[in-house]
Amino acid sequence: MDGSDRTTLIEWVEWPYQRPTALTIDMDENVLYWVGDLYPACSSSTSAIRTVKSSITSNSAITCITLLGLLLMHIISIGQMDNHPCVDSCSHLCLLKPGGYKCACSDDCATPCNESIHVTNTFGCTNDPSLYFIDTHHIKCIDLESSNQTYVSVKTVRSDIIQGGAIDIDHRERMIYWSDNALWTISRMSLVTGDTEVIIRHDLGEVLALAVDWESGLIYWTDFTFERIEVAKLDGSYRKTLFTTGFYSPRGIAVDPVHGYMFWTDFGFDYPRIERADLTGDNRQALVSFGLDWYYQFHPVNVVIEYQTRLVYWIDKYNNYIDYADIDGGNKTNLDYIGERFNPVDLALYGDMLYWADWPQFQHSISQQNAAGEWSDVQLWSSHR
């Protein structure tokens, strides 16, 4: 009811064309009713009240009845307002969505107003914030609010992944995106409805990083196999290749819609670096260079952005350091050394906490650290292969 996901349920394409004049919904029975004045099964002096399950577009029932001049109708159901999510929820407009509601601002809003979406993730973790991650065969999530050093709430979202690659989430639309490097696909799933679709399936290599630009409705990814960076709309349409040259091993990627930048890592043997470009693909430059001919001395695998402080964080799988610099490449600083015998593969940031994933030979784990460099030594999740 916030205006998103507009869909045509029923369309008349053959004569006689119906002219529906009244419409209502039975909430309890999940049935949609409407009045059509030109249906061949009814006489010219009667109209047809038609019904259809609101989630189905065929096999509707027809009732012929004399309804001259009927323009509006409505079903009243006792108890429709019980536990309504909009009661005392928003300061201005409360617009319903599947699984929840959206607090919206009017066009002529004169008092302070902040828009926000409140949707229950039926197919994911129900509380925010939550950390979503992918391993070889699963997508899981961790409820960060209820997790501590002795208890972690982990929920399996999907268990049909063949070879998990990358994952990102569109928090506004409650949609997760992931790559499967055995099927060579990028897919997405609604955390509200569970609806799943493959959005990219052709001419795709090993995708190890995805980044959703929630402001523009775009998804960016690095292709490790074909050494390129691409972008498409969130449904996979209008796909475009942005960069195809100057790569050795493109790996992590992050987008900054606030300032209009994208950042990515390349751990090439002779020129490991972190690069930056406009989200349009223009003005490409090396943001942080680790020097020529180091040969495995640096191996930046993933990058995240702190929008308010304008800092770029990355994790290095060779020297096991988490480092950061400002978005112009200055003030490069070692945040902390995560320790030996780790194989870090990914990095995430929420608030003042950094989360990094470890992928050693026999065990996967996720740990957290304060972004100010205060090591908390908390392992959120661990799983033997």
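Which residue does a disulfide join to Cys125? The partner is Cys141, with an S to S distance of 2.2 Å. The model is a predicted one, in which local features need pLDDT of at least 70 and side-chain atom pairs count only at pLDDT 80 or more, whereas totals for chains, interfaces and linings use all residues. Residues are numbered from 1 along each chain as its sequence is written, and side-chain values use heavy atoms, with hydrogens and water left out.

A disulfide is here a pair of cysteine sulfur atoms within 2.5 Å, and by this rule the count comes to three. In the link of Cys125 and Cys141, the torsion about the S-S bond is about 105°, so this disulfide is right-handed. Cys125 lies in the loop between strand 7 (116–119) and strand 8 (130–134), while Cys141 belongs to strand 9 (residues 139–143), so the pair ties together parts that are 16 residues apart in sequence. Strands are DSSP runs of E with at least two residues, numbered from the N terminus. Both Cys125 and Cys141 are buried, a term that denotes under 20% relative accessible area, with exposed meaning over 50% and partly exposed in between (1.4 Å probe, protein chains only).

A disulfide is also formed by Cys90 and Cys103, whose sulfur atoms are 1.9 Å apart. The link of Cys90 and Cys103 has -75° about the S-S bond and is left-handed. Because Cys90 is placed in the loop between strand 4 (61–65) and strand 5 (93–97), and Cys103 in strand 6 (residues 100–104), the bond ties together parts that are 13 residues apart in sequence. Cys90 and Cys103 are both buried. Cys105 is joined by a disulfide to Cys113, at 2.0 Å from S to S. This link of Cys105 and Cys113 is left-handed, with -100° about the S-S bond. Cys113 counts as partly exposed because its relative accessibility is 21%.

Strands are taken to pair if DSSP finds at least two bridges between them. Strand 11 pairs with strand 12 (residues 175–180) in the antiparallel sense over five bridges, and Asp170 stands opposite Met175 in strand 12. Strand 13 (residues 185–190) and strand 14 are likewise antiparallel, over four bridges. Ile186 is positioned opposite Ile200 in strand 14. The hairpin of strand 13 and strand 14 has five residues between the strands, and in this hairpin Gly194 takes a positive phi near 85°.

Thr222 is located in strand 16 (residues 218–223). With a relative accessible area of 0%, Thr222 is buried. A polar atom of the Thr222 side chain lies 2.6 Å from the backbone oxygen of Arg251.

Methods
Polar contact = N/O pair within 3.5 Å; in protein donor to acceptor, adjacent residues only side chain to side chain.
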